[in-house]
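Let's take a friendly walk through a protein model, looking at how some of its parts sit together. Have the structure open beside you as you read.

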Amino acid sequence: MCGIVGIVGHSPVNQALYDALLVLQHRGQDAAGIVTCDAEGRLHLCKDNGLVRDVFSARHMHNLLGTMGIGHVRYPTAGSASSAEAQPFYVNSPFGITLGHNGNLTNAAELKRELFLQDRRHINTDSDSEILLNILAQELLGQQGLELGPASVFRAVEGVHRRCRGAYAVVAMFAGQGMLAFRDPIGIRPVVFGQRMSAQGMEYMVASESVALNTLGFELVRDLEPGEAIYIEADGTLHTQICAHSPQFAPCIFEYVYFARPDSVIDNVFVHRARMRMGKRLGQKIRRCWPEHDIDVIIPIPDTGRTVALEMAHELGIKYREGFIKNRYIGRTFIMPGQTQRRKSVRQKLNSIHLEFKGKNVLLVDDSIVRGTTSREIVSMARESGARKVYFASAAPPVRYPNIYGIDMPAADELIAHNRDEAQVCTALGADRLIYQDLEDLIESVRKGNPRLKTLDCSVFTGEYVSEVQGEYFHMLRQKRNDQAKQDQLRPSATLDLHNHA
């Protein structure tokens, strides 16, 4: 999962882009990058591995000149953890294009071969985002004239939609000419745009989540529709167009479960309210299926478990307590490569308050259970803190299938619920009882915020994918993105690195 942002303004945008990336840091902690464009059309780029606060120094910020720019935060799903794959990417022809991408292309290997055989384009990394950039560039090569008008841009995006499969929310910038954002024809990954009036005129911003707009004083206009593109010229003129034939609407439900910040609004659904409804429905399930429960206290696993746990406690009339203190200087363990590193990070990230566990029957509440590493360690910590019984509740159904749209769930056999029933998962976690959310309740918790959401991508729960995907893709995914492959990628290697650093 990644975060994207772009701003077309009338004053320097370097600080605003930096501030927006800080707000979107939860979407990626592997790398960060900003590229700006000055009045002469020259691009200024800074990107590297690390957190936003570590990548950009005062010297870098002073060099990021211009009133138009884009930014990106990344964690690696496709590709490796090399700094060469930090975004935005750049290609000089045509026009000079930089691009940042959130999502995953399921036909990336096919496109890479096609770009070389047909277009003689060299792809220097393993990132599907570089492939997407070159597809966009190749589609623009067929346009006439030296001026890049909105009609040319939208025709190029139509070509991207024809050729690319999978999930993509994209922000791109054309040197000296304008900024482009577009969303895949199914609307799997989120992207919004907003506006604010300055003394010099209207300014525009696009971002993965609305919270980035709010922080910078931009008014949320709306989400981009599936298959829609928005092009903002350097002078602030805005154009929008649906560029896909027969778009669908099936956004990723996991955004609401885990990834998005609770203060964001995605596709007109308030994430916080959706999580409240998840908690209420999960509480109702416990009352219905376990009326004689002996739960003494409900304790959330911070942070995303809090909203769900609070509503469960209210619904069931059970005490809510904070039992874990979080070290906020440790990254999200879900994103970290390798089981050993995740397990170690759980103990570093969370410390239990023994008083809240000792002698009690405790219900732990989390947003989901993926690999099970974090959940297993937390159950163990609760027992070590003196809990008499440890129950576990998940706001999401069992995650049994790999995600192919940009979330780091690549190998089915690394998912604790794959080929296990709920009783077997409970045993594997070391819990006394396990309660999963029903899929229908999860869907309705999200859909109630926007009845227009007739379909949601629930593929990690059902194995039914909303886009076309070839069977051999799953084998390739496992070979390339399982934990061992990620560990191998962390080893030093002699590779050509055309990394740009301002």
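Phe-174 and Tyr-231 are both buried in this predicted model. The rings of Phe-174 and Tyr-231 form an edge-to-face aromatic pair. Where do these two residues lie along the chain? Phe-174 belongs to strand 7 and Tyr-231 to strand 12 (residues 228-233), so their pair ties together parts that are 57 residues apart in sequence.

Strand 7 (residues 166-174) also holds Tyr-168, whose partner Phe-182 sits in strand 8 (residues 178-183), 14 residues apart. Tyr-168 is buried, with a relative accessible area of 0%, and Phe-182 is buried with a relative accessible area of 0% as well.

A pair of aromatic rings is described by the distance of the centres and the angle of the planes. Here are those values for the two pairs:

| Pair | Centre to centre | Between the planes |
|---|---|---|
| Tyr-168 and Phe-182 | 6.1 Å | 75° |
| Phe-174 and Tyr-231 | 6.1 Å | 65° |

How many aromatic pairs does the structure hold? There are 12 aromatic pairs. Ring pairs also link Tyr-75, Phe-254, Tyr-258, Phe-259 and Phe-461 into a cluster.

Now turn to the helices. Helix 4 (residues 108-119) packs against helix 5 (residues 128-141) at an angle of about 45°, and their axes are 10 Å apart. That angle makes helix 4 oblique to helix 5. Helix 4 passes helix 5 in a left-handed crossing. Among the residues making the contact are Leu-111 and Leu-115 of helix 4, and Ile-131 and Ile-135 of helix 5. By class, this contact of helix 4 with helix 5 has five nonpolar, two polar and three charged residues.

Definitions and conventions. Residues numbered from 1 in each chain as written. Predicted model: local features only at pLDDT ≥ 70, side-chain atom pairs only at ≥ 80, totals over all residues. Heavy atoms only, no water. Axes fitted to C-alpha atoms, helices over the stretch in contact; angles between N-to-C directions. Helix = DSSP H or I, 4+ residues; strand = E, 2+ residues; numbered from the N terminus. Parallel < 35°, antiparallel > 145°, perpendicular 65-115°, else oblique. Left-handed = near helix turned anticlockwise from the far one by under 90°. Contact = heavy atoms within 4.5 Å. Nonpolar A, V, L, I, M, F, W, Y, C, P; charged D, E, K, R; others polar. Phe/Tyr/Trp six-rings, centres within 6.5 Å; stacked < 30°, edge-to-face > 60°. Buried < 20%, exposed > 50% of the residue type's maximum accessible area, 1.4 Å probe, protein only.
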